[in-house]
Amino acid sequence: MSALEFRDAVVRFGDATILGGASLAVEPGEFVSVVGPTGCGKSTLLNLAAGLLMPSSGTVRSLGKPVAGVNREAGYLFQGDSLMPWRSARDNVAAGPIFAGVGKAEARAQAEAWLERVGLHGAGHKYPHQMSGGMRKRAQLAQTLILDPPILLMDEPFSALDVQTRLMMENELLALWQGGGGGGARKTVLFITHDLEEAISLSDRVVVLSAGPSTRPIAEFAIDLPRPRDVAEIRHTPAFQTTHARIWDVLRDEVLKTYRRGVAA
Amino acid sequence: MISVYRVALAALLIGLWYVGAQTGVLSPLFFGHPTKIALQVVDWFRTGEIYPHLAVTLTETLLAFASGTAGGVLAGLWLGLSPRSLAVLDPFIKAANAMPRVILAPIFAMWFGLGMGSKVALGFTLVFFIVFFNVLQGVREVSPVVLNGTRMLGATRAQLLRHVYLPAAMSWVFSSLHVSVGMAFVGAVIAEYLGSYRGVGYLILQAQGVFDVDSVFAGIAVLTACALVLDTIVTLAESRLLVWQPRADIPRDS
């Protein structure tokens with residue numbers, strides 16, 4: 001049984017077909033990245049898996065069950081700031097357990113432990129506007145992982161960070177993921193990015209989406225680079241560069257299509 | 001340095017007024033006399049005559065503020081979350097807001113009598129719309145990312161209301177606190193002035209009736225002082241309640 005399974009998923013808004021029959025399966029514990037040109041509907045795929053959006057036709061299954069309404073088995077790391085600005089870092093992280101009915105004191109204790117694991121020890125009293133972009137991402141990560149979801153959906157989570165912070169966060173994400181990120185089995189990760197290097201260095205498999213409209217997966221590549229990986233160093237290995245060249249061959253055409261459409265429009 | 005200029009400016013204006021009144025350039029019948037006004041204020045507080053009136057005016061202000069805010073928050077949340085109701089009610093809300101509401105004072109006096117009720121009612125209509133429009137805006141501008149993020153954390157609809165919509169709306173309410181407290185005060189005083197048997201507005205009305213312009217100015221001075229105190233309290237409350245908001249530095253005198 002796949003952790004996530006899209007079968008002929010179509011998403012239409014009015015006359016526009018965003019997703020045109022996407023089929024994709026992600027196995028339990030697998031780290032899959034989806035790359036594609038800007039604006040091709042990558043986030044739409046994630047929103048389907050999250051249950052924030054229903055397909056116009058086709059099916060989406062999560063751990064074998066059809067997704068109907070918010071997917072409680074999935075945690076979502078957004079590209080933008082999803083922290084509640086009126087709550088401190090600690091209370092943001094404690095929010096999930098509190099929604100689930102855990103007592104306040106217990107939830108806060110769990111939150112403190114998670115803040116420490118993502119490197120925010122002693123920053124629990126800070127409000128989002130008092131934290132740097134990197135700190136906010138860490139808090140978001142803790143907020144998601146505290147609920148220990150078997151599936152992690154990530155929508156270009158590090159794209160707004162500077163390069164150094166980004167490499168550091170990618171390494172920490174891999175460490176958390178390999179350690180099971182909470183204790184149990186490895187989580188299934190569906191990671192959206194437009195950065196091919198990021199996709200290759202993190203993933204077990206990279207899926208390339210076609211240019212929009214009517215986007216769908218057109219190719220996929222297994223990444224058999226050894227783990228544990230250092231995302232900064234692995235980029236310089238010959239194996240990485242060969243893989244990069246192979247995927248870029250496919251991706252480039254789609255990027256060019258999008259680019260030409262943009263110029264023509 | 002700035003405070004020195006401020007004191008100097010105040011002294012200059014009052015000094016000019018004093019000289020004008022003393023020499024007769026400013027007719028004391030119309031402009032009063034600063035010394036007499038000051039003595040009247042002191043006298044009110046010394047005899048305690050002002051306290052019951054002040055208490056009435058401040059109670060009306062507080063009740064108008066509390067009821068107007070509560071009403072505005074409830075209506076704003078409801079219509080912010082129910083676009084269909086908002087679409088139906090929109091023209092009525094616009095009409096009610098565009099109407100010069102001070103003109104309702106005589107009607108409220110007929111409905112609720114000359115006591116506190118009619119003053120609170122007028123203050124309510126003034127505060128309600130300020131809070132209502134701010135909450136409406138707050139609910140509509142809740143970040144969709146925060147909303148989806150909170151939903152993904154398993155929040156129910158009730159939890160979304162309590163943990164996302166309400167705090168988002170309250171931040172807008174607080175940002176309009178200065179205006180709404182001021183409006184509650186204006187509502188109370190105006191309604192008193194238009195018909196009452198107690199309150200500071202009533203004192204001013206009585207004094208005006210006998211051409212006692214010094215007492216009119218004394219009443220205005222007391223009201224202004226009260227408004228400043230209320231504003232200071234609001235500023236203090238704000239800095240405590242909105243710690244989570246990034247704040248542009250308020251220029252301070254050194």
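**Where chain B meets chain A**

Q: How many salt bridges are there between chain B and chain A?
A: The count between chain B and chain A is 0 salt bridges, a salt bridge being a side-chain nitrogen of Lys or Arg within 4 Å of a carboxyl oxygen of Asp or Glu. This is a predicted model, in which local features need pLDDT of at least 70 and side-chain atom pairs count only at pLDDT 80 or more, while totals for chains, interfaces and linings use all residues. Residues are numbered from 1 along each chain as its sequence is written, chains are lettered from A in the order in which they are written, and side-chain values use heavy atoms, with hydrogens and water left out.

Q: OK, and which helices of chain B touch chain A?
A: On the side of chain B that touches chain A, α8 (144–152) and α9 (157–175) each supply at least two residues, helices here being DSSP runs of H or I with at least four residues, numbered from the N terminus. The largest share, 7 residues, comes from α8(B).

Q: What area is buried there?
A: About 2000 Å² is buried between chain B and chain A, with carbon and sulfur atoms giving 71% of that area; buried area is the accessible area (1.4 Å probe) that two parts lose on being put together, summed over both. Of the area that chain B buries against chain A, B:M152, B:L153 and B:W244 supply 39%, more than any other three residues.

Q: Switching topic, what does the predictor give for the complex as a whole?
A: The complex has an ipTM of 0.88 and a pTM of 0.81 from the predictor.
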